[in-house]
Amino acid sequence: MTAVYWPVDCAIHAGQRYSSAVSTLSEAWFERMPSLLPNEYLVAQKLDQMIERAELAPGGRLPTERELADVAGVGRATVRRVLTSMQEHGLVTRHVGRGTFLTARGDHPTLDPGVDISPVDLMDARWHLEPVFVGVAVSRGTARDFHKLNDLVTQGNEIAAGASDLLNFEGCDMEFHHSIAMATHNAAMVSVSKTLMDARSSPTWASMKKQSLTPERLTAYAQEHAAIAAGLVDRDTKAATAAMLTHLRHVRASLFPGSA
């Protein structure tokens, strides 16, 4: 079966319509997409049409998998493959419970799109910063903040139990960690956390994380999230911080063997 490619000319045209301030739809950005099979191309084509008609802007939420399958005339499995590939190549971000969003690099001034944060630097930053977020969240987090964290723990446990959707777990993991920063109610810390989340959306990090995740690690990470959340709910700074450090130590060891 002959492969076809994402229609770059449509991406360029759409990028021009949204002005030079929006770099998401540039030719270089869309060229990250790999070759697509004919039925997968139908999904990409529908998304391009939505962009051209200004129905989908950078940062906007994509239709659901069911809706895309209906308008493209393909199965949901095909849509899922396209969205997974787009996520791996940095074209969309997926958030459990919220949906899939077209990447809007211009929406994140804290992260210079020309600067490539290496996985080593990202992990080092997480090691030093995320325990601080936990300490502040212990004292400033609200019952609503902690309820959201517990919901994400439940979602993570369900995904880990299925052990079939590694990318969904990564999305849930990212939302869990960013929600801790949100619970600090400190705008500067939330902004820093957004930068970390942006870096975690890079194709390099996504590829490394995908290769490192196993069913056993999914279960372990889900349990570690539960321990972090329990410490926060109990407003036990020592327990919550220790749980976070344990979790980050395990993540670092899985990504960089021999570094623990």
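Predicted model: local features only at pLDDT ≥ 70, side-chain atom pairs only at ≥ 80, totals over all residues.
Now step back to the whole chain. There are twelve helices and two strands in its secondary structure, and along the sequence they run α-α-α-α-α-β-β-α-α-α-α-α-α-α. The protein chain has 260 residues, of which 45% count as buried. If you take the contacts between residues at least 6 apart in sequence, 73% of them join residues at least 24 apart.

Next, the nonpolar interior. In soluble globular proteins, nonpolar side chains tend to be buried together. Here the largest nonpolar core has 40 residues, and the ones that touch the most other members are Met123, Val134, Phe176, Ile180, Ile228 and Leu232. Two or more residues of this core come from each of α6, α7 (143–162), α8 (166–182), α9 (187–200), α11 (215–233) and α12 (237–255). With seven residues, α6 gives the most. Apart from this core lies another, of 17 residues, including Ile51, Ala72, Val74 and Met86. As for Ile228, its contacts, leaving out residues up to four places away in sequence, are Phe176, Ile180, Ala240, Ala243, Met244 and His247.

Back to α6, which spans residues 119–140 and holds glutamate 130. Is glutamate 130 buried or exposed? Its relative accessible area is 3%, and since buried means under 20%, glutamate 130 is buried. The side chain of glutamate 130 makes a polar contact of 2.5 Å with the side chain of arginine 126. Setting aside residues up to four places away in sequence, glutamate 130 also touches Ala125, His177, Leu196, Met244 and Leu248. Met244 turns up among the contacts of glutamate 130 and among those of Ile228.

Which residues is arginine 81 in contact with, once its neighbours within four places in sequence are left aside? Asn39 and Glu40. Glutamate 40 is 41 residues away from arginine 81 along the chain, yet their C-alpha atoms are separated by 7.9 Å.

Finally, have a look at two loops if you like checking backbone torsions. Histidine 185 sits in the loop between α8 and α9, and its phi is near 55°, a positive value in a residue other than glycine. Arginine 235, in the loop between α11 and α12, also has a phi near 55°, again positive in a residue that isn't glycine. How accessible are they? Histidine 185 is partly exposed, at 49% relative accessible area, and arginine 235 is partly exposed too, at 40%.

Notes:
Residues numbered from 1 in each chain as written. Heavy atoms only, no water. Helix = DSSP H or I, 4+ residues; strand = E, 2+ residues; numbered from the N terminus. Buried < 20%, exposed > 50% of the residue type's maximum accessible area, 1.4 Å probe, protein only. Polar contact = N/O pair within 3.5 Å; in protein donor to acceptor, adjacent residues only side chain to side chain. Contact = heavy atoms within 4.5 Å. Core = buried A, V, L, I, M, F, W, Y, C linked by side-chain atoms within 4.5 Å.
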